[in-house]
Amino acid sequence: MSNTCLEFKNLTLGYHGHAAIHHLSGEVQRGSLTAVVGANGSGKSTLMKGIAGILKPISGTCVTRYQRLAYLSQQSEIDRTFPARVIDLVSLGYWQKRGLLGRLTSRDRAGLSGCLGAVGLTGFEKRPLDSLSGGQMQRALFARTMLQDADLILLDEPFNAVDARTIADLMKVIKGWVSEGRTVLCVLHDHALVREHFLQTLLIARNPVAWGATAEVMTFENLRRARSFQEAWDEQAGWCDENTEQPGQPHVHRDHLPYQHKVVGHV
Ligand SMILES: Nc1ncnc2c1ncn2[C@@H]1O[C@H](COP(=O)(O)OP(=O)(O)OP(=O)(O)O)[C@@H](O)[C@H]1O
Ligand SMILES: [Mg+2]
């Protein structure tokens, strides 16, 4: 079996025909931990949505090879006012196994308690979501991701507005996933954290700037190039002239892939 989990070929993603990220080519290996770094608006969340299948390529291809996907979207996109308790949110991790209305077995409940314990939320089962702090909410979302038992995990800014202790606890969870052979892509703004914990980094500024070993990617020169791309970007610009696909040429979609594409669930 190929060791490639994701393969991008001249991938362009965007909205209403306008590219948000383009000309991305490269591979993500199974069991790797990759940081996705770039300024606000550089296309990081767009890339996550493209990988998750929420956004179809404008051109190029995104080939995905995994059994189960867990996608934790950027926190600003999550509605915290939804009237639900921690246990309701976390047990959504069993959705694929049990269905939305399926009853949890005693084994499921033990698994759920174990995951809440692992993220430091024992005793929070019945707390309403809108009573949680930002860090506690992130812990709950990580517990749900644990239950999903996914082999590809996408995390979009999971450490936004959480303190150093929560980051340290959740980084341990992420490293545990990687040691189990799961593939993790994580969007981050904290460069020190990227340098400390992530072996691989993809630096984007609507175009890929650099991708590879973190020490080789996060150089002063690459970060300067990333900044200048972003500063030079014209929001009103039309279609990119480097687009190699001809209009009308079919895109390769996930339907042709060896594994079934499933989004296990996201809030
Ligand atoms: N639903 C949408 N419709 C139209 N344009 C969008 C949409 N979502 C994002 N964009 C645009 O695509 C570009 C990339 O946005 P994206 O959310 O991927 O950036 P990002 O790197 O995740 O930024 P941030 O660090 O602020 O989260 C931005 O110019 C943004 O305005
Ligand atoms: Mg984003």
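Guide: Helices (H or I, at least four residues) and strands (E, at least two) are DSSP runs, numbered from the N terminus. Please note also that this is a predicted model.

Visitor: Let us turn to the sheets. In what order do the strands of the 3-stranded open sheet stand?

Guide: Two strands pair if DSSP finds at least two bridges between them. Here the order is β2-β1-β4, and the pairing is antiparallel. Because β2 (18-29) and β4 (59-64) have a single partner strand each, they stand at the edges, and one side of each is left without a neighbour in the sheet. From one strand to the next, the twist averages 20°.

Visitor: How many bridges join β1 to β2?

Guide: There are 8 bridges between β1 and β2, which run antiparallel. One pair to locate is F8 with its bridge partner G26 in β2. The hairpin of these two strands has 2 residues between them, and H16 takes a positive phi near 50° there.

Visitor: And over how many bridges do β1 and β4 pair?

Guide: Strand β1, residues 4-15, pairs with β4 over 5 bridges in the antiparallel sense. Within β4, V63 stands opposite E7. Helix α1 (residues 44-52) packs on this sheet, where it touches β1, β2 and β4, and its direction makes about 120° with that of β1.

Visitor: What is the strand order in the open sheet of 6 strands?

Guide: The order is β5-β6-β7-β3-β8-β9, with mixed pairing. At the edges are β5 (69-72) and β9 (207-213), each of which pairs on one side only. Neighbouring strands of this sheet are turned by 15° against each other on average, direction ignored.

Visitor: In which sense do β5 and β6 pair?

Guide: They pair in the parallel sense, over 4 bridges, with β6 comprising residues 152-156. L69 has L152 in β6 as its bridge partner. By contrast in sense, β8 and β9 run antiparallel and are joined by 6 bridges. There, L202 has W211 of β9 as its bridge partner. The hairpin of β8 and β9 has 1 residue between the strands, and R206 takes a positive phi near 70° in that hairpin.

Visitor: Which strands of this sheet does α1 lie across?

Guide: Helix α1 lies across β3 (33-37), β5, β6, β7 (183-187) and β8 (200-205), and runs at about 155° to β6. Helix α6 lies across β3, β6 and β7, running at about 150° to β7.

Visitor: I turn now to helix pairs. At what angle do α5 and α6 pack?

Guide: Angles under 35 degrees count as roughly parallel. Helix α5 (residues 134-148) and helix α6 (residues 164-179) pack at about 5°, with their axes 11 Å apart. The two helices are therefore roughly parallel to each other. Their contact is made by G135, Q138, R139 and F142 of α5, together with T166, L170 and V173 of α6. By class, the residues of this contact divide into 3 nonpolar, 3 polar and 1 charged.

Visitor: How far apart are the axes of α4 and α5, and at what angle do these helices pack?

Guide: Helix α4 (residues 106-118) packs against α5 at an angle of about 135°, and their axes are 9 Å apart. That angle makes α4 oblique to α5. The contact is made by G111, L112, C115, L116 and A118 of α4 with A143, M146 and L147 of α5. This contact has 7 nonpolar residues, 1 polar residue and no charged ones.

Visitor: What is the handedness of the crossing in which α4 passes α5?

Guide: The crossing of α4 past α5 is right-handed.

Notes:
Residues numbered from 1 in each chain as written. Chains lettered and ligands numbered in written order. Predicted model: local features only at pLDDT ≥ 70, side-chain atom pairs only at ≥ 80, totals over all residues. Axes fitted to C-alpha atoms, helices over the stretch in contact; angles between N-to-C directions. Contact = placed C-beta atoms within 7 Å. Parallel < 35°, antiparallel > 145°, perpendicular 65-115°, else oblique. Nonpolar A, V, L, I, M, F, W, Y, C, P; charged D, E, K, R; others polar. Left-handed = near helix turned anticlockwise from the far one by under 90°.
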